[in-house]
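Reader: I would like to go through the terms used for this model one by one. Please set each value against its definition.

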Amino acid sequence: MIIVGAGAAGLCAAITRAREGEKVTLLEQNSKVGKKILVSGNGKCNIDNKYINLNRFHSQNPDFVAKVLEGYDFPIVEKFFTSLGLELVEGKEGKMFPMSLQATSVVELLEYEAKRVGVEVVCDCAVTSVDKKGDTFTLETTQGTKSCTKLVLTSGSPAAPQLGGSNSGYAFATKMGHALIPRHPSLVQLCSEEPWVKGCAGVKVTGLATLYANGEYITEKKGDLLFTNYGISGLAILDLSREVSTRLANFDYCELNLDLMPELSKEKLTNLLLQRVKQESEKPLALWLQGIINKKLISIILEQSKCKVRTEDALNRKEINKLVHTIKNLKLSVNDTKGFKGAEVTTGGIDTSEVNPQTMESKVVDNLFFAGEILDVDGDRGGFNFHWAWVTGMRTNIE
Ligand SMILES: Cc1cc2nc3c(=O)[nH]c(=O)nc-3n(C[C@H](O)[C@H](O)[C@H](O)COP(=O)(O)OP(=O)(O)OC[C@H]3O[C@@H](n4cnc5c(N)ncnc54)[C@H](O)[C@@H]3O)c2cc1C
């Protein structure tokens, strides 16, 4: 058996098959295995999530996801890692991490186990083409021609090409007759052409971002909002980027409505501002607002609210209403994403209606298997993408 791609899915599949006595060769184009694992979770590796729920996974074929994950919740993954000698600890919202809080431990223990159970790990070996004649797959690689009777494609997606993200697996699969679901970057930063955004670069607030496409409400996410010189990032933005990405590809007009103070209701914020007004004070409004909001955001708020007054003493209820409305409804149009280079994952991929969810075997080509992100399944932030990679790696098997 040859496995193409030594990322999360490939390493897990290799170990699982070799433990069952299969002779496995694992080919990796990078000079070392598991590059995405190494940078994941800011170097801590958010390896899984304790609360696996189908609504955290996205695909054109949710039935396939349900069948693959049935009986394959977090404890199965935990057992796999315990068998490697890796202990896990829980963070916020069920996120699981290696106890060392080091992604390197995950990669080193996976690689050690793969070699221990006899997997031949070949790095610096990029597969350039795949062909099947009769029962034999022939692979052209940068280290010569290789052949096998069972082939597993775990070559991932084009997300993060700087770490090995590539389209090559899709090309091999489509040449052998597989269909693809359109691919878009996800868990990715968003770009805006609004001129004001550059002026707030570096400002981070805990806010609520609501996405509208062609004026229609799509979704909302709460969390960090980080303004940047190209647009906006932060956890809340990554969480809704999947929706933006697919809608922009559909030529929809996407706009974010940013609530910069979600913890304060409109009434509470209005009352707070009313209380702060000292009518005899001629303090400039911009300075007065610094008492509650980041300085870099103030000129935007004043401009967008079309506030007519410039000093505290001139404020009245009407002007305060305008300020409150803008603080809770700052509009940001989004014209692009940072693309696959900025993305953590890819939506879309191999059409799963052509894959057996029990064995991950192709229904189009005998003895061809898929696991991990190459498939049309992506997960939410929080360890769900690795869960998919580990589980599909484990399930790669002949019936
Ligand atoms: C910055 C970043 C942080 C992330 N953090 C997290 C996190 O904390 N938690 C989480 O759940 N998910 C996280 N993810 C997502 C997660 O890394 C992926 O979903 C997961 O790695 C997918 O596993 P995979 O094995 O399918 O693909 P990959 O891990 O991408 O592995 C595919 C491998 O195939 C190799 N390859 C590709 N083409 C060829 C070829 N032609 N020949 C030979 N080798 C080839 C690649 O070099 C690569 O090593 C993160 C992703 C990024 C980019």
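Reader: In which hand does helix 1 pass helix 13, right-handed or left-handed?

Author: Helix 1 passes helix 13 in a right-handed crossing. A crossing is left-handed if the near helix is turned anticlockwise from the far one by less than a right angle, and right-handed if clockwise. This is a predicted model, in which local features need pLDDT of at least 70, side-chain atom pairs count only at pLDDT 80 or more, and totals for chains, interfaces and linings use all residues. Residues are numbered from 1 along each chain as its sequence is written.

Reader: What makes helix 1 roughly parallel to helix 13?

Author: The two axes cross at roughly 30° and come within 7 Å. Axes are lines fitted to C-alpha atoms, for helices over the stretch in contact, and angles run from 0 to 180 degrees between N-to-C directions. Angles under 35 degrees count as roughly parallel, over 145 as roughly antiparallel, 65 to 115 as roughly perpendicular and the rest as oblique. Helix 1 is therefore roughly parallel to helix 13.

Reader: Which residues make that contact, and how do they divide by class?

Author: Helix 1 contributes Ala-8, Ala-9, Gly-10, Cys-12, Ala-13 and Thr-16, and helix 13 contributes Phe-386, Ala-389, Trp-390, Thr-392, Gly-393 and Met-394. Contact requires C-beta atoms, placed from the backbone, within 7 Å. The classes are 8 nonpolar, 4 polar and no charged residues. Ala, Val, Leu, Ile, Met, Phe, Trp, Tyr, Cys and Pro count as nonpolar, Asp, Glu, Lys and Arg as charged, and the others, Gly among them, as polar.

Reader: What is the hand of the crossing of helix 1 and helix 5?

Author: That crossing is left-handed. The axes of helix 1 and helix 5 (residues 103-116) come within 9 Å and cross at roughly 35°. Leu-11, Ala-14 and Ile-15 of helix 1 meet Leu-110, Glu-113 and Ala-114 of helix 5. This contact has 5 nonpolar residues, no polar and 1 charged.

Reader: Why are helix 8 and helix 11 called oblique to each other?

Author: Helix 8 (residues 266-276) and helix 11 (residues 317-328) pack at an angle of about 130°, with their axes 10 Å apart. Helix 8 and helix 11 are therefore oblique to each other. Helix 8 passes helix 11 in a right-handed crossing. Among the residues in contact are Leu-269 and Leu-273 of helix 8 and Ile-320 and Val-324 of helix 11. By class, the contact has 7 nonpolar, 2 polar and 2 charged residues.

Reader: How many residues surround the ligand, and which helix gives the most to the shell?

Author: The ligand is surrounded by 40 residues, and the closest are Gly-5, Gly-7, Gly-156, Gly-164 and Gly-372. A residue is near the molecule if its C-beta atom, placed from the backbone, lies within 6 Å of it. Helix 13 gives the most, with 4 residues. Helices (H or I, at least four residues) and strands (E, at least two) are DSSP runs, numbered from the N terminus. The shell has 17 nonpolar, 18 polar and 5 charged residues.

Reader: Where are the domain bounds, and how far apart are the C-alpha centres?

Author: Domain 1 covers 2-184 + 346-395, and domain 2 covers 189-337. These bounds come from an automatic or database domain assignment. The C-alpha centres of the two domains lie 40 Å apart. In the contact, 4 residues of domain 1 meet 6 residues of domain 2.

Methods:
Two residues are in contact if their C-beta atoms, placed from the backbone, lie within 7 Å.
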